[in-house]
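Please read the following report alongside the sequence and the 3D view. It is written for someone meeting this structure for the first time.

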There are 2 protein chains.
Amino acid sequence: MPVNYATPAPEALFPVAGVGLGVTEAGIRKANRRDLTVITLAEGSTVAGVFTANRFCAAPVQVCRSHLAAARDGAAGIRALVVNTGIANAGTGAPGLATANATCAALAEKLGVTAGQVLPFSTGVILEPLPVDRLVAGLPAAIADLKADNWHAAAHGIMTTDTVAKAASRRVVVDGKTVTLTGISKGAGMIRPNMATMLGFLATDAGIAQSLLEAVTKEAADQSFNCITVDGDTSTNDSFVVAATGQAGVAFVSGNEPGWAEVRTALIDVARELAQAIVRDGEGATKFMAVAVEGGKTREECRQVAYAVAHSPLVKTAFFASDPNLGRILAAVGYAGIADLDVDGIRVWLAAGDDTVLVAEHGGRAAAYREEDGARVMQSAEITVRIDLGRGSAAGTVWTCDFSYDYVKINADYRS
Amino acid sequence: MPVNYATPAPEALFPVAGVGLGVTEAGIRKANRRDLTVITLAEGSTVAGVFTANRFCAAPVQVCRSHLAAARDGAAGIRALVVNTGIANAGTGAPGLATANATCAALAEKLGVTAGQVLPFSTGVILEPLPVDRLVAGLPAAIADLKADNWHAAAHGIMTTDTVAKAASRRVVVDGKTVTLTGISKGAGMIRPNMATMLGFLATDAGIAQSLLEAVTKEAADQSFNCITVDGDTSTNDSFVVAATGQAGVAFVSGNEPGWAEVRTALIDVARELAQAIVRDGEGATKFMAVAVEGGKTREECRQVAYAVAHSPLVKTAFFASDPNLGRILAAVGYAGIADLDVDGIRVWLAAGDDTVLVAEHGGRAAAYREEDGARVMQSAEITVRIDLGRGSAAGTVWTCDFSYDYVKINADYRS
């Protein structure tokens, strides 16, 4: 059961002009499972993406990077995305690259574009070959299913071990015209037994020039998918791609145009909602935690501290137990790697909604702190750990979930 | 139940001439529990230590650093160690420092030395005040218990949530004289609900000059306590101290003397055995794993990769399940942060005893690898993950344990 998250209803996911989505059962790894999704983009769309930093990046990630670079350098623009679940096509060497390229070529041929105009995505079991024949055989059915109001189906089509489909949608009015932003994501913990990957796809019918789109894609990733952790394991296939079709009749080039601020904010909001949904559906999660660090010298050091707290198995199990175990939080702050950190200057609060409790200051427990106050806050399903480092004005937040018996159960199961 | 580890019998722990050990029940936090240990050192002993890198380091750690620095700078040498369990005296601010200093002063007065000649150690609950009155009241009984053949009792006296006492002993003959090295350690996972700390104490009756002792202490720590991880959480109190009494009539100053190589090796062996015992007794541990990385450019990058693998909850749960989940190991290698790592050059083996299986090469599963071979090795209680980075000649090893239901159970329990 995800923490305070339910898939939006189909009618709450607004179609994006210029985007078609089709889903089918291709039997990639299991029968009777929607496992193949095709997304088409109108001619003239711009596309940008950010991908895993894992050195063992999957074959489709390598192909995506290559096709996006070519499009940016003047080749014909991206016109389609193809996503399969079941097999991640990661750790598959040269044959894996060949199947990723063959996937692009097959879809391109059916859509009348070139292979370089297709971006491939795979998620599922690592180290096993992608059955490209079955994937290609499924393409006609996915293409036949293409329609604009199919985001709900596509959100289901990219799921692996997710317990709920993840999607978000916003509308912004710019200069009397409605701009739509809709996205889907998947991931539930980085990996269930060999099942990998966090994926995020977001489209808007605004027109966004390539360099502006690249900048806002990176910014949105930095404020969403790059701020979450379930278990600290970075997958081989993580991808976040944003497409702008320009069909709404509103175009942004420099970012100085009226309405850009609203569109940018909405885009980041959608990305953040999609990213947080992954944490809320984290493997075994019973709590959603924000670790908000402020008063740092740089955003990077704030995030470093936030990740140390968010990754600590001891902190995560304490949240599972609703145990306000302050020593664990302070210890994680202390080992986060800030060499000249003065622990006397640090303050720590636990908060749930409007209920905020100062728990630590001056290198130890706050004088007014009472255990029952901490315990009360920890009972909540949504908790903020706020940490003031007291040495600057930068801030950074990381979202995570707790660590339960079910995390071990899910991840200790044999691959099924 | 620790993995392949049992406390050595009392007679297997050789007395170290010049070292006395006394243990008593002081009722620091719970009654009927040996919780106070005093260790005395003959005049002329040299002492060196390494301590936690956590910025929230505990009051006794601060006092130890200060007293060791003073002794090195010419003050009277260290003559006693005092260790209490129950309360860690960490996160206790200025009052915590005062109680640590008061502890030293009380023991010093009873032994006829100065407070600066005493090193204090505390382990237990963080953020709570140390009941120094009870500790001081227990000192006479601990002193009355002082004897040379009391290592077994001392190993029990420093336990907190350890399920077994940890100790190791070696004898080396140098120039016809017997040199003895005996040590004890504690720790089982860094922290059980608010119970902190890994401690290691090692003594030898060899004479070792201060600077040589400092160097070998650091080297031994780097090859033992700094190579283990249960959950990645660095405690506030971690301490490893080595004392050399010189009572064996063998002295080392430069390290060029005959016999030093053997003594140095024995000292590192004892430290490694003490450190590995902590992992074998890791919270909920059912397997002991060595992650041995070779072929790196530097030892540091090898350790970085080894720690990424050893810290991955996904890898650790796979070992718990005896699931040869190679994708998780490769993914952890990939995200370890070696920016220019060429994954094509990496090879990975799983080994148990003489049974070695090549599982991955050329960026994916090894051609000859069969799942049943990996599964067979994973059934063992002692497993080596060997990783060749294929880019240099450095190596580094980390020891860890698996991640079981019991880890969550132990750490999600309320503090008791």
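The report below covers domains, annotated sites and aromatic pairs.

This is a predicted model, in which local features need pLDDT of at least 70 and side-chain atom pairs count only at pLDDT 80 or more, while totals for chains, interfaces and linings use all residues. Residues are numbered from 1 along each chain as its sequence is written, chains are lettered from A and ligands numbered from 1 in the order in which they are written, and side-chain values use heavy atoms, with hydrogens and water left out.

**Domains**

Chain A is assigned domain 1 (10-280) and domain 2 (288-412), with bounds that come from an automatic or database domain assignment. Taken over C-alpha atoms, the centres of these two domains of chain A are 33 Å apart.

**Annotated sites**

An unreviewed UniProt entry lists A:Thr160, A:Lys186, A:Thr197, A:Glu283, A:Asn411 and A:Ser416 under "binding site"; such annotations may be inferred rather than shown by experiment. A:Thr160 sits in the loop between α4 (151-157) and β6 (166-174) of chain A, where helices (H or I, at least four residues) and strands (E, at least two) are DSSP runs numbered from the N terminus. With a relative accessible area of 10%, A:Thr160 is buried, a term that means under 20% relative accessible area, against over 50% for exposed and partly exposed in between (1.4 Å probe, protein chains only).

A:Lys186 belongs to strand β7 (residues 177-186) of chain A, and its side chain makes a polar contact of 3.0 Å with that of A:Thr160. A polar contact is a pair of N or O atoms within 3.5 Å; within protein, one must be able to donate a hydrogen and the other to accept it, and residues adjacent in sequence count only if both atoms are side-chain atoms. Although A:Lys186 is buried, A:Lys186 has no salt bridge, and A:Asp162, the nearest side chain of opposite charge, is 4.7 Å away. A salt bridge needs a side-chain nitrogen of Lys or Arg within 4 Å of a carboxyl oxygen of Asp or Glu; Lys and Arg count as positive and Asp and Glu as negative, with His and the chain ends not counted.

**Aromatic pairs**

Over all chains, the structure holds seven aromatic pairs, including the two tabulated here.

| Pair | Centre distance | Plane angle |
|---|---|---|
| A:Phe121 and A:Phe201 | 4.7 Å | 80° |
| A:Phe403 and B:Phe403 | 5.5 Å | 85° |

Rings of Phe, Tyr and Trp (its six-membered ring) pair if their centres lie within 6.5 Å, and planes under 30 degrees apart count as stacked, over 60 as edge-to-face and the rest as tilted.
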